[in-house]
Amino acid sequence: MHKVLIVGEHDGKTLNPATAKCVTCAGGIPDVEITIVLLGADTASVAAQAAALAGVKSVLRVDRPENEHPLAAIFAPQLVAVAADYTHVFGPSTSFGKDLMPRVAALLGVPQVSDLMAVEGPYRFKRPTYAGNAIVTVEADPARKLIATVRVASFEAAKTGGSASIESKSTNAALPSHTRYVGAKTGSTDRPDLQTAKRVVSGGRALGSAENFKLLFSLADKIGAAVGASRAAVDAGYAANEMQVGQTGKIISPDIYIAIGISGAIQHLTGIKDARTIVAINKDAEAPIFEVADVGLVGDLFQIVPELERLVSG
Amino acid sequence: MQKIMVCIKRVVDYNVRIRVKPDGSGVMLDGVKMSVNPFDEIALEEALRIKERGANIEVVAVSIGVADTQQQLRTALAMGADRAILVQTDAAVEPLTAAQTFLAIAKKENPDLIFLGKQAIDDDANQTGQMLAAIWERPQATYASKVEISGGKAAVTREVDSGLETIEVDLPAVVTVDLRLNEPRYVKLPDIMKAKKKPLDVTSLDALGVGAGALLKTVKTEPPAQRQKGVMVKDVAELADVLKKKGLI
C-alpha cells in the first residue's frame with residue numbers, strides 16, 4: 001500500500017485547481033491511498049472543497065495562526081511531522097510548491113523529483129529537463145520517502161463527487177521566527193486565471209507597447225480568455241511578470257492558445273506544448289511558432305486581431 | 001555584512017539546441033558550449049551591486065563540477081567576485097548533494113548571504129537553494145525580483161504565480177533569484193586579465209566530507225513528443241471559421 005500525502009494549495013477561501021491535478025497524478029500510482037493536507041489559519045471551507053475531490057480518502061487540517069501565509073520556513077517543519085505516516089509527499093509545481101517542497105525534502109534528508117509529468121510506477125516517473133527538450137525517466141529508492149512536485153499541465157483535474165473524511169491535526173513542530181510575511185501585490189483581474197484557463201490569448205514583442213496589449217485584453221474578454229505573454233514582451237515592459245509563459249514562467253495546458261506576435265523561442269514553446277490547439281498569428285512566415293501551431297496565419301496582427309475579435313463576437 | 005557567497009553552476013549554454021543521444025543514455029554534450037547558468041549570473045550580479053554600494057564586502061563564488069568548471073569561475077572572477085572555490089568532481093551532482101556541499105563551504109566561510117539562481121537550465125530542478133536553506137537552518141527567499149538589505153535583515157520581493165509577494169528574513173539567509181532582479185554586466189577584457197590573478201581554490205567532496213550519493217537513477221532520456229505541423233489559413237475569416245468548427249470559440 002502506497003500512502004500519498006498531497007500538500008493542498010489555497011488562499012484561505014478557494015482550493016487551487018493545481019491540487020485536483022496532483023490528485024490525478026497520485027491516482028496513477030498502483031495500490032494507493034490519497035490524503036490531502038491543508039495548512040492555514042482557518043481551512044474549514046477549503047477542506048470541504050478538498051474532501052469533495054474523487055479519489056481522496058482523507059483531508060487533514062493543520063490550522064494555526066502562524067499558517068495564515070504560506071511561508072516555506074513555517075510550513076516545512078509541520079509537513080515533516082505530518083509526513084511520517086506516508087510513503088510519498090506531493091505538491092504542485094506552482095510557485096507555492098516549488099518554494100516549499102525542496103525544503104521539506106531536505107529536512108527529511110531525501111531527494112525530490114521535480115515536475116512529474118507521467119507516473120510509470122510507484123517509484124518511477126518521467127520529468128522534463130533542458131526546457132522540455134529531454135524527457136528523463138527517473139527511479140527513486142523505495143526504501144526512502146519520495147518527495148515530488150507535479151507538473152500540473154500534464155494532468156487533468158480530479159473530478160468532484162468524493163466524500164473524504166476531514167480531521168484536524170496538530171503537530172508540535174517548532175516554528176522559526178526568522179521569516180516574516182510583509183505583503184503582496186497581486187495583478188487583480190476579473191479574467192480567468194492564466195494557469196488554469198481553458199482559453200489563453202498571448203502576446204509577444206511584436207505588440208510593440210503596453211498600450212497595444214489592450215488589443216489582446218479586448219479579444220480575450222470577448223472569448224473569456226486569460227492573457228499571457230512571452231518573456232520578450234515582459235522584459236520589454238509590455239506585460240506584467242506574472243503573465244510570462246515558458247520555461248521560467250508558467251507552464252500551461254489550455255484547450256486553445258492563441259499566440260500573437262510571438263516568434264516561438266524554445267523556452268516559450270516548453271510552456272505551451274500541452275495546449276490542445278495552438279493558433280499562431282505572426283507577420284514572419286518563417287517564425288518557429290508555426291512549426292508547432294495547429295492553425296497558422298501570416299499577417300499584420302494590428303489588422304488581424306481587431307477583425308478576429310469582430311468575427312468571434314458575431 | 002561582511003561576506004556574500006554565490007553558488008554557480010556550469011551548464012550547457014542557453015542558446016544551444018540540446019539533442020538526445022540515440023541510445024537514450026543522456027544528451028549530447030561533446031563539444032557543446034558551456035556557460036554560467038544564466039540565473040546564477042543574475043545572482044552574482046546582485047552580490048556585486050551590494051558590494052559596490054560601498055560596503056566592505058567579500059564576494060566568494062563557489063561551484064561544484066568537473067575541472068573545466070574553472071572556466072565559469074574565472075568568468076565570475078572577471079565579473080567582480082573576489083575569490084572562487086571549486087569543489088571538483090566528475091560525478092553527476094543531485095540538488096541534495098549540491099546543498100550539502102554548499103553547506104559544508106558555508107560552515108567554513110560563514111557568509112551573511114548566499115545567492116543562487118532559482119533553477120539551473122539543464123536539470124530545471126529548482127531545489128538547491130531551498131534545500132541549502134533547510135539544512136543550514138536559515139531563512140529562504142526564493143524567486144527574488146528585489147532585495148533590500150538593512151540592519152541584519154533582508155526585505156525580498158518574490159515573483160509568485162499571483163504577482164509579487166514581499167517577505168522579510170533575518171540574515172544570514174539564502175536568496176534565490178529570478179530573471180528580472182537585474183541585468184548582469186558584460187565582462188571586459190582587462191577584467192579577464194585581472195581575474196587570472198585572483199585566488200581560485202580547488203577542493204573535493206571527500207575533503208568536505210560529503211558523499212556523492214546518487215539517490216535518484218536516470219534510466220532513460222528521450223526527446224519530447226513532437227507536435228504535428230498544422231494548417232495555414234489564408235485570412236482572418238478562414239481562421240475564425242476553423243476555430244468555430246473546432247468548437248474552440
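1. Start at A:Tyr181, which sits across from B:Ile167 in strand 9 of chain B. That pair belongs to a link between the chains: strand 11 (residues 179–186) of chain A and strand 9 of chain B run antiparallel and are joined by 7 bridges. Keep in mind that this is a predicted model.

2. Now the whole contact between the chains. Chain A puts in 63 residues and chain B puts in 64 residues. On the chain B side, the elements that each supply at least two residues include helix 3 (95–109), helix 4 (128–136), strand 7 (140–150), strand 8 (153–160) and helix 7 (236–245). Strand 9 of chain B gives the most to that side, with 8 residues. By type, the chain B side splits into 35 nonpolar, 17 charged and 12 polar residues.

3. B:Lys220 is worth a click. This lysine is found in strand 12 of chain B, and it counts as partly exposed because it has 17 C-beta neighbours inside 10 Å. Leaving out residues up to four places away in sequence, B:Lys220 touches A:Val136 and A:Thr137 from chain A, plus B:Gly24 from chain B.

4. Next, the largest nonpolar core. It has 185 residues, and the members that touch the most others are B:Val6, B:Ala61 and B:Val175. Helix 3 (residues 72–83) of chain A gives the most to this core, with 9 residues. Domain 1 (2–168) and domain 2 (199–312) of chain A both give residues to the core, so it lies between them. As a general point, nonpolar side chains tend to be buried together in soluble globular proteins.

5. What does B:Val175 touch, neighbours within four places in sequence aside? The contacts are B:Leu113, B:Phe115, B:Ala141, B:Ala144, B:Val147, B:Ala154 and B:Val156.

6. On to the domains of chain A. The assignment gives domain 1 as 2–168 and domain 2 as 199–312. Taken over C-alpha atoms, their centres are 31 Å apart. As for direct contact, 6 residues of domain 1 meet 9 residues of domain 2. The domain 1 side of that contact divides into 3 polar, 2 nonpolar and 1 charged.

7. After helix 5 comes A:Gly224, with a positive phi near 65°.

8. Strand 1 (residues 2–7) and strand 2 of chain A run parallel, with 6 bridges joining them. A:Lys3 stands opposite A:Glu33 in strand 2. Is strand 2 (residues 32–40) mostly covered or mostly open? Mostly covered: 7 of its 9 residues are buried.

Note on methods: Residues numbered from 1 in each chain as written. Chains lettered and ligands numbered in written order. Predicted model: local features only at pLDDT ≥ 70, side-chain atom pairs only at ≥ 80, totals over all residues. Core = buried A, V, L, I, M, F, W, Y, C linked by C-beta atoms within 7 Å. Buried ≥ 20, exposed ≤ 12 C-beta atoms within 10 Å, placed from the backbone. Helix = DSSP H or I, 4+ residues; strand = E, 2+ residues; numbered from the N terminus. Domains from an automatic or database assignment. Contact = placed C-beta atoms within 7 Å. Nonpolar A, V, L, I, M, F, W, Y, C, P; charged D, E, K, R; others polar. Pairing = 2+ DSSP bridges.
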